Amino acid sequence: MNNTEAPESQGFATLAVGYRPWLDGLRAVAVSMVVVQHTLGAIPIELGFVGVGLFFGLSGYLITSLLLDERAARGRVSLSTFYLRRAARLFPALVLVLVACNALFLLQGDLGPLKDSLAAITYTANYVGIFESRWLRAYGPMWSLAVEEHFYIIWPLVLLGVTGRFGLRTALKMTLVLCFVSLAWRAALAGMGARYWLLSLGSVERADALLYGCATAIALRLGWRPRTWMLWIGIAAVGVSPILLDHESYPTLVIGSAVVAIAAAAVVAGLDCVAPPWLRRCLSLRPIVVIGVLSYGIYLWHVPLMRIVQNFAHVSPSYRALAVFITVLLAGLSHRFVEAPIRSLVRRRTRSGRAAVALRTLEVVPPNR
């Protein structure tokens, strides 16, 4: 872990940078909530909804931090490198899951997921869900990957364009305005009786779930620091939200989604600035960090494997637990032999300037403080 002194205009709390194992620990918490929800089935708590909210908040925070820190260090951000590394991080594991699981579905004579896998590979799963009012067969969780991928494509262009021309303070104001617009748009849709699927799965409608994390990362680089009580309120909100929320109700879709997003941003910022050492140590325990490192693969594999195991076992009360065990094993193998080698290769090539993707490098100016 590498810590540096950040601006302390408020006189307290430094910002931890570099690799922070406790953020992988937070990923482990998020993916565990999602997997437990799907393993237990129809339970009256919203673990999956909140777990995905944590992922969104963390993604917005980390991607914004990465872009701003690269600009601060180098004076510019290479968009070609950014997009190539995102593709290397996300695409190989997704392709592996779809090819392997579709082959097994074909052997089982279960043809429903084959068509839906096209939406997964093209990152349109959320809009297929909206237009057809259903989850993708076997690949339902891919909707959130589509939302994040749309964010990864658009947000760097918006962030770097605004900060390069107007500075960080304007970027922060713009981000908060976008959060409000997303919230107001959901409220307007709810007032018009829009379907649950649109409010829940739309990339625009769920934009603030990522943007609160983005705003937090910008604010930290302007010298703002969270108070310790913000961290504990964020943790408490994450803890009680699964019990209080109902992901198919308008209040949850409009207000609850924003509450989870703000809580996620508070937790992430608090962990990086004001968390007590014992909390960071707990989230940095090796088994928890390993689950966090494998969280992307676990998220990809677990639902299709539950369907595959169920197809083989017909009716078995333990098939979902067996699928989870296989999921962790395959996620580990995928990380070791597919994802890590490809990411390492891309890092070496982008460092040496031989990136295979020819996108322009966007020049930016130092941040305005």
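About 750 Å³ of space lies in the second largest pocket. A pocket here is an open set of points on a 1 Å grid over the protein atoms alone, with protein on both sides within 12 Å along at least five of seven lines, and lining residues have an atom within 4 Å of a point. Volume is the space filled by probe spheres (1.4 Å) set on points joined across faces, edges and corners. The model is predicted, with local features needing pLDDT of at least 70 and side-chain atom pairs pLDDT 80 or more, while totals for chains, interfaces and linings use all residues. Residues are numbered from 1 along each chain, and side-chain values use heavy atoms, leaving out hydrogens and water.

So who sits around this second largest pocket? There are 30 lining residues, with Q37, H38, W135, P141 and H247 nearest the centre. Helix 14 gives the largest share, 5 residues (helices are DSSP runs of H or I, at least four residues, numbered from the N terminus). By class, the lining has 17 nonpolar, 8 polar and 5 charged residues; Asp, Glu, Lys and Arg count as charged, Ala, Val, Leu, Ile, Met, Phe, Trp, Tyr, Cys and Pro as nonpolar, and the others as polar.

Now for the largest pocket, which holds about 1600 Å³ of space. Its lining takes in 47 residues, and R27, L62, L66, R86 and R343 lie nearest its centre. Helix 2 (47-74) supplies the largest share of that lining, 12 residues.

Just after helix 1, G41 takes a positive phi of about 80°.

Methods. Helices (H or I, at least four residues) and strands (E, at least two) are DSSP runs, numbered from the N terminus.
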